[in-house]
Amino acid sequence: MWKKMLEELNQQGIKPRVLIVDDQPINIRLLNDVFTEQFDVLMATTGEKALALAKEQQPDLILLDIIMPEMDGYEVCRRLKADPLTEFIPVIFVTAETEADVEAYGFEIGAVDFIAKPINPAVVRARAITHLTLKLYMDNMRNIAWLDGLTGLLNRRRFDELLTKNWLLCRREQRPIALLMMDVDFFKRYNDHYGHLAGDDCLRTIASTLKATLHRPADLAFRYGGEEFACLLPFTDEKGAIFCANAILEALKALELPHATSDIGPFVTLSIGIAWTIPTQAGSWTQLLHDADTALYQSKSAGRNRVSS
Ligand code: GH3
Ligand code: MG
Ligand code: MG
Ligand code: MG
């Protein structure tokens, strides 16, 4: 069953990506021979390089050696699992260390499997394909649960989860966190004038504008509800948040999307509210949400198409 799924992917011209990490080139070569035909193979001989490649190339699977000079496989695995950009990539340890407590520890820090060296090519392939398939199923599930169907942005459910998560992260590191709340101006009239399908298209265009405008990998864009959007900017203070908000308004302005019935037209515009803080032990993220809402309301009442904080 697993094997069939990989064959189907290959037939569609899709090669899943596997990252092989080992300090010994000979081991990499052996594993490469196992995967090269049906997979897109990436290789790293140090932990540092592995982490950088994983972030950049988003492999579907990582085969990880444990004993390596400088950063060992355990540390690589811990860091992969701690980073939101790599936490869902399955890690399989490939190692000559076959003691049960070593194996148990590997599972504890987030590995999905263990393969003993010297490797048996058929076993490695079978296990890799099994985990790969599970990963692809999980990706689908996460997409259904977390993405908004219309715009492809993260949805409100994911907003709630990531707001809490990033709040705690910024509190731990005593770094600022900023939130932008956005609402399309006179959007009811847009629908009334251009029709609901055109309204949907407009929301999709705004969503891609948000995505294209945010540059840091940690920045997150959401469809908060109907014609409301949010951007969560960890490690960002007021200055950074104002910069992002203005960049969003500028990018939208440059598109010149017609809105003939807007009081401040003739183009589609947004109102934005900004809030930011350095989270404290006593504080809560609900205050951030409340402050961003208040600021958004200010932008609306001050004439729309503007940023308030
Ligand atoms: P304001 O400038 O004060 O924000 O005015 P507004 O008309 O944008 O605000 P209001 O809340 O009255 O209207 C929001 C509109 O957004 C009404 C609703 O039909 C529309 N809307 C919400 N979700 C969707 C959607 O998924 N697709 C489309 N086409 N329209 C949507
Ligand atoms: Mg080694
Ligand atoms: Mg609204
Ligand atoms: Mg609106």
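## Overall architecture

The predicted model contains eleven helices and ten strands. Its C-alpha trace extends over about 70 × 50 × 25 Å along the principal axes.

Of the 309 residues in the protein, 34% are buried. Where contacting residues lie at least 6 apart in sequence, 64% of the contacts link residues at least 24 apart.

## Helix H10

Helix H10 comprises the 18 residues 238-255. The distance from its first C-alpha to its last is 26 Å, close to the 26 Å expected at 1.5 Å a residue. The buried residues of H10 are Ala 241, Cys 244, Ala 245, Ile 248, Leu 249 and Leu 252. Viewed down the helix axis, these buried residues fall within an arc of 130°, so they line one face of H10.

On the face turned away from the buried side, H10 carries the exposed residues Lys 239, Glu 250 and Ala 254. The residue that follows H10 is Glu 256, which has a positive phi near 50°.

## Packing partners of H10

The buried residues of H10 pack against several elements: strands S6 (177-184), S8 (228-234), S9 (270-277) and S10 (307-308), together with helix H9 (196-213).

## Strand S9 and its neighbours

Among these partners, S9 is mostly covered, with seven of its eight residues buried. S9 runs antiparallel to S6, and eight bridges join the two strands. Within this pairing, Leu 179 has Ala 275 of S9 as its bridge partner.

S9 also pairs with S10, here in the parallel sense and over two bridges. Gly 273 is bridged to Ser 308 in S10. Together with helix H11 (residues 285-301), S9 and S10 make a β-α-β unit that is left-handed.

## The S1–S2 pair

Strands S1 (residues 17-21) and S2 (residues 40-44) run parallel and are joined by five bridges. One of the bridge pairs links Ile 20 to Met 43 in S2. Between the two strands, the chain passes through helix H2 (residues 25-35), and this β-α-β crossover is right-handed.

Terms used. Residues are numbered from 1 along each chain as its sequence is written. Chains are lettered from A and ligands numbered from 1 in the order in which they are written. This is a predicted model: local features need pLDDT of at least 70, side-chain atom pairs count only at pLDDT 80 or more; totals for chains, interfaces and linings use all residues. Helices (H or I, at least four residues) and strands (E, at least two) are DSSP runs, numbered from the N terminus. A residue is buried if 20 or more other C-beta atoms lie within 10 Å of its own, exposed if 12 or fewer, and partly exposed in between; C-beta atoms are placed from the backbone. Two residues are in contact if their C-beta atoms, placed from the backbone, lie within 7 Å. The expected span of a helix is 1.5 Å times one less than its number of residues. The arc is that of the directions from the helix axis to the C-beta atoms. Two strands pair if DSSP finds at least two bridges between them. A crossover is right-handed if, with the strands pointing away from the viewer, the path from the first strand over the helix to the second runs clockwise.
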